[in-house]
Amino acid sequence: MKFLLLLSAIGFCWAQYDPHTQSGRTSIVHLFEWRWADIALECERYLAPKGFGGVQVSPPNENIIVNNPPRPWWERYQPISYKLCTRSGSESEFRDMVTRCNNVGVRIYVDAVVNHMCGSGGGAGTSSTCGSYYNAGSRDFPAVPYSGWDFNDGKCNTGSGEVENYNDIYQVRNCRVVGLLDLALEKDYVRSTIAAYLNRLIDIGVAGFRLDAAKHMWPGDIKAFLDKLHNLNTKWFPQGSKPFIYQEVIDLGTEPIKGSEYFGNGRVTEFKYGAKLGTVLRRWNGEKMAYLKNWGEGWGFMPSDRALVFVDNHDNQRGHGAGGASILTFWDSRLYKMAVGFMLAHPYGFTRIMSSYRWARNFQNGKDVNDWIGPPNNNGVIKEVTINPDTTCGNDWVCEHRWRQIRNMVAFRNVVNGQPFTNWWDNGSNQVAFGRGNRGFIVFNNDDWALSSTLQTGLPGGTYCDVISGDKINGNCTGIKINVSSDGKAYFSISNTAEDPFIAIHAESKL
């Protein structure tokens with residue numbers, strides 16, 4: 001009996017780290033600012049057939065409408081209520097999306113903005129996505145309802161009421177961040193109200209949550225509202241399943257608040273991952289790909305089973321958040337594909353892919369002054385995600401998840417899941433290769449000269465299609481073919497001027 005109780009306790013402890021993706025699906029994608037109708041379609045027509053595990057969606061709750069600048073992306077992070085109506089669609093469209101995606105085995109993770117409401121200078125009125133009245137000045141949000149009692153104004157120990165010193169953990173968690181009205185999460189009413197919002201989403205069928213601004217909440221307060229959450233909907237999930245939790249904690253190692261403080265609640269975003277990988281691939285500060293041999297915990301990252309990893313996210317691809325200039329994005333497409341390829345081939349962490357939109361960049365004194373621009377739209381109405389004949393996206397949607405190199409590496413990760421990191425090779429510089437047991441092998445050339453080497457792949461003999469330069473279609477390769485001999489060795493040749501200077505083969509790309 002004690003043994004059974006221990007097992008159930010262990011299962012309970014681990015529940016919030018499990019993304020609940022269908023078996024064999026190992027990555028999720030952030031469809032940033034997409035409409036619910038387009039996400040539902042994408043789950044059915046592309047994500048499920050291509051083996052994606054789930055989608056992080058933009059905040060689905062009512063937010064303030066900002067007209068100066070006109071409808072920036074960040075208005076989504078200024079809640080007015082927990083009603084489910086935004087630029088992405090209505091509550092009925094949200095419910096339809098969750099149902100349709102779950103029905104094809106693609107999970108939905110909600111970006112939950114529960115640390116704060118709108119900015120203190122947000123005025124008063126009904127300029128919100130559901131038309132609810134609010135008064136930021138008097139802390140009055142009747143559509144929730146929240147009043148002045150429910151905010152941290154009295155607890156913040158700075159003159160401005162803002163976070164003034166990130167080395168003071170009390171300021172970071174009790175004061176306003178960039179003016180956003182900070183909720184008093186130690187109050188049971190506030191905890192219960194947040195839990196009721198999240199429970200409504202769980203009952204609809206979502207699989208988990210990204211907790212926005214988790215660093216600005218006390219870990220114990222997060223635990224208190226997570227403890228009130230329902231189990232996942234048994235229509236799609238096993239009985240007793242807990243929601244997957246991953247918390248946005250920017251910890252680059254220079255501040256007193258550590259990501260590890262949040263491990264008890266769920267996974268944590270590993271911001272060092274993209275910052276360091278970008279530095280290595282850009283070859284800054286003398287960094288080389290050869291140094292990636294002990295990538296992961298060996299680089300001072302959090303434990304793999306606690307990490308949610310990504311090359312870029314919606315904040316730092318605009319120069320916000322963390323990581324600075326080293327962050328690789330779709331604007332640096334050649335290096336970006338290599339970085340995402342490396343992430344998806346390497347066993348460390350649970351992987352999230354970014355799917356973006358284009359905007360007109362305008363750099364002044366090194367800063368993009370257009371970093372606020374919202375999604376492609378017609379007079380504030382988000383544009384449909386159109387699909388071009390070559391399966392890329394139109395209407396200024398970038399859709400990195402549809403790039404052949406990235407989509408095929410999502411499949412690679414699924415094929416090699418659970419296999420050990422093996423057969424590392426490097427030239428002491430920026431040519432490296434590694435395998436995943438006997439299921440996959442990948443080779444990179446980030447040097448200024450050609451790579452030409454015979455390497456041990458660990459794969460069974462045969463002819464394999466390189467999934468970076470092409471696909472395996474009808475028993476043939478549309479790209480490069482790699483011949484693996486009976487002893488597992490293969491010859492690789494990669495020009496330093498190749499469009500994509502890396503090659504990947506796996507068990508299911510064998511002819």
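V443 has I503 in β26 as its bridge partner. The model is predicted, with local features requiring pLDDT of at least 70, side-chain atom pairs counting only at pLDDT 80 or more, and totals for chains, interfaces and linings using all residues. Residues are numbered from 1 along each chain as its sequence is written, and side-chain values use heavy atoms, with hydrogens and water left out.

Strand β19 (residues 440-445) pairs with β26 over 5 bridges, in the antiparallel sense. Strands are DSSP runs of E, at least two residues, and helices are runs of H or I, at least four, numbered from the N terminus. Pairing requires at least two DSSP bridges between two strands. The open, antiparallel sheet holds 4 strands in the order β17-β18-β19-β26. Its edge strands are β17 (421-426) and β26 (502-506). Neighbouring strands are turned by 10° on average, direction ignored. Helix α8 (residues 333-345) touches β18 (431-436), β19 and β26, and its direction makes about 150° with that of β19. Contact means heavy atoms within 4.5 Å. Axes are lines fitted to C-alpha atoms, for helices over the stretch in contact; angles run from 0 to 180 degrees between N-to-C directions.

F342 and F444 form a tilted aromatic pair, 5.9 Å centre to centre, with 55° between the planes. F342 lies in helix α8 and F444 in strand β19, so the pair ties together parts 102 residues apart in sequence. Rings of Phe, Tyr and Trp (its six-membered ring) pair if their centres lie within 6.5 Å; planes under 30 degrees apart count as stacked, over 60 as edge-to-face, the rest as tilted. Both F342 and F444 are buried (under 20% relative accessible area, 1.4 Å probe, protein chains only).

Technical notes:
Buried < 20%, exposed > 50% of the residue type's maximum accessible area, 1.4 Å probe, protein only.
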